[in-house]
Amino acid sequence: MALTIKALNPGFVAKVTGVSLGEPFGEEVLAEIVSAIDNYAVCIFPDQPLTDERQLSFSARLGPLETTRRVNRADFKHRLDTRVTDVSNLDENNCLVARDSDRRMIAMSNRLWHTDSSFKKTPAKYSLLSARAIPSEGGETQFADLRAAYNALTEKKKQEIDDLIVMHWLTHLRSKTGFDHFTEAERAVEPPMPQVLVRTLPGLGRKTLYLAAHADHVIGMPVPEGRMLLMDLMEHATQPEFVHTHTWRVNDLVIWDDRCTMHRVREFGITEVRDMHRTTVSDVGPTIDQARVA
Amino acid sequence: MPITVKALNPGFVAEISGIRLGDDLGDDVFNEIITAMDTYAIGVFPGQHLNDDEQLRFSARLGPLETTRRLLRPGAQLRLDKHIADISNLDVENQIVPEGGRALMNAIGNRLWHTDSSFKPTPAKYSLLSCHSIPAWGGDTQFADMRAAYDALEDRLKAKIEGLVADHSINYSRSTNGFSDFMPEEIQPAVPQTVVRVHPGSKRKTLYLASHAERIHGISLPEGRILLYDLMDHATQPQFTHTHHWQVGDLVIWDDRCTMHRARDYDVTTPRDMRRTTVSDVAPTIEQAKVA
């Protein structure tokens, strides 16, 4: 056992030390990391100074990597590798973006509870977020434990929702912030995608809600009824007892399991740099296909 | 002191007994009710069993009454007097409306946190909701204390929102839960309201918010929306909310100037018959702020 795992939030968030993620390490350590994520869902690795190259090579060991959506934005020059999502308030010249800039307006939707890439046919499995620069206050990331939230539902509610399919749609998320300066390429690529509302995690066989601000409607229900169900479930799942707030330190790497968590960023000022680099590991298939196999 | 005021939620919700609101009340009793409403914001009057005429007469003493929004829809048929908002799942023949039909899909909007008529230039001052029948399960009403929520804001946030104006629109809030089946006559322009106001009776500051709030003047649409979501989130935390479980005969009065409320899910196959009278405020919130 190479790693030291300390629960920060029982069954949900752990601090993991005893490995340098930027250095080569063996398969048994990787297996311990995966096991820690299965047990906790959110793992915080402090003091991990990573270059993008090293973050990419570690992330790739967990599965295939996603490409940033910014490739659909011809007017944005990339500051980082296309497999790194630039979760910063910087432009390609490393200058702070303006308050009303498109970059900042797009990033505003990160303030809504979501899980990464639920709007893609095959959504994300893990996200790895590396803190390179942080503001002096604000900018915390909050995580919601969707396994615990599922467990806390009444039996009646569990039965009501167990087999429901939800359409996740980037356009729905956008309608919530009202931002609409999107390129044709951005508009074209993402039709609504069906995802199961309740899924069973392969690691420990636990059931979890699968929700996000992208959830637009429930198949087979009138839109207002389905949407109200989704709103009530979002509210249930983000009650304080299911939520953990992470206050960042530079060189934290946080890995979360997108299959059973939601997250959101909290407000931070516009005059200080917040530079976070995310790599995203794809899941093995669409949630509906996974449910059929299970 | 003929009325008994018992705090159910300190500084927020009181049970008021010892009177029958359908009787002719003297000015002294009436003023005691107003004082209790200013202190608490929500007054629960159990066992009133008011008929519509009694409810209308008592409500009219509090100020001018609103007419129901249903009148905006051409050809609308009303089950009740036009000064009563019909918060039921019943049609004009007192039959339960069909599941998944327009009436229920429109009424689902009541499950979003709101204060009544914030989308009207002069919004509501008080709402009076009388319980005539309760469903087999569910149908509680939850209230949020917007004065306590304001008090609990960090100073930084209080400073940030002071003087802000938000546009409120019922067509917007209905669109957020996917309902858009309106005739052109039912579409109304958004109206501006202050985000913070002073509650005249208590002189306390209060947030003034609702799911109808669509944008904030002078702030980009996304940033304003996120600010509104964060404020709504803050104001509806458990420590600021109270759940009322209805009994037939209850009359609940709430102060729309300093509260939000929402209905919870219920068994729509059984009758839930709630009748609301709504008292208009004295002026648009922006004009009230200028005078204050």
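## A walk through a predicted two-chain model

A:Ala41 sits in the loop between α1 (27-40) and β3 (42-45) of chain A. Helices (H or I, at least four residues) and strands (E, at least two) are DSSP runs, numbered from the N terminus. This is a predicted model, in which local features need pLDDT of at least 70 and side-chain atom pairs count only at pLDDT 80 or more, while totals for chains, interfaces and linings use all residues. Residues are numbered from 1 along each chain as its sequence is written, and chains are lettered from A and ligands numbered from 1 in the order in which they are written.

Most residues other than glycine have a negative phi. The phi of A:Ala41, however, is positive, near 80°. A:Ala41 counts as buried because 30 C-beta neighbours lie inside 10 Å; a residue is buried if 20 or more other C-beta atoms lie within 10 Å of its own, exposed if 12 or fewer, and partly exposed in between, with C-beta atoms placed from the backbone.

Which residues of α1(A) are buried? They are A:Ile33, A:Ile37 and A:Tyr40. Seen down the helix axis, the buried residues fall within an arc of 90°, so they line one face of α1(A); the arc is that of the directions from the helix axis to the C-beta atoms. An α-helix has 3.6 residues a turn, so residues three or four places apart point the same way. The buried residues of α1(A) pack against β2 (13-17), β3, β5 (124-133) and β13 (253-257) of chain A, where a contact means that two C-beta atoms, placed from the backbone, lie within 7 Å. The face turned away from this buried side carries the exposed residues A:Glu27, A:Glu28 and A:Ala31.

Elsewhere in chain A, three strands form an open antiparallel sheet in the order β8-β7-β11; two strands pair if DSSP finds at least two bridges between them. β8 (193-196) and β11 (215-218) of chain A stand at the edges with a single partner strand each, so one side of each is left without a neighbour in the sheet. Within the sheet, β7 (residues 165-168) of chain A and β11(A) pair over three bridges, and A:His168 stands opposite A:Ala215 in β11(A). Helix α8 (residues 223-237) of chain A packs on this sheet, touching β7 and β11 of chain A, and its direction makes about 125° with that of β11(A). Axes here are lines fitted to C-alpha atoms, for helices over the stretch in contact, and angles run from 0 to 180 degrees between N-to-C directions.

Now turn to chain B, which has eight helices and 15 strands. One open sheet has seven strands in the order β1-β2-β3-β13-β5-β15-β4 (chain B), with mixed pairing. Here β5(B) and β15 (residues 273-280) of chain B run antiparallel, joined by eight bridges, and B:Arg275 in β15(B) is the bridge partner of B:Ser130. Helix α2 (residues 52-62) of chain B packs on the sheet, touching β5 and β15 of chain B.
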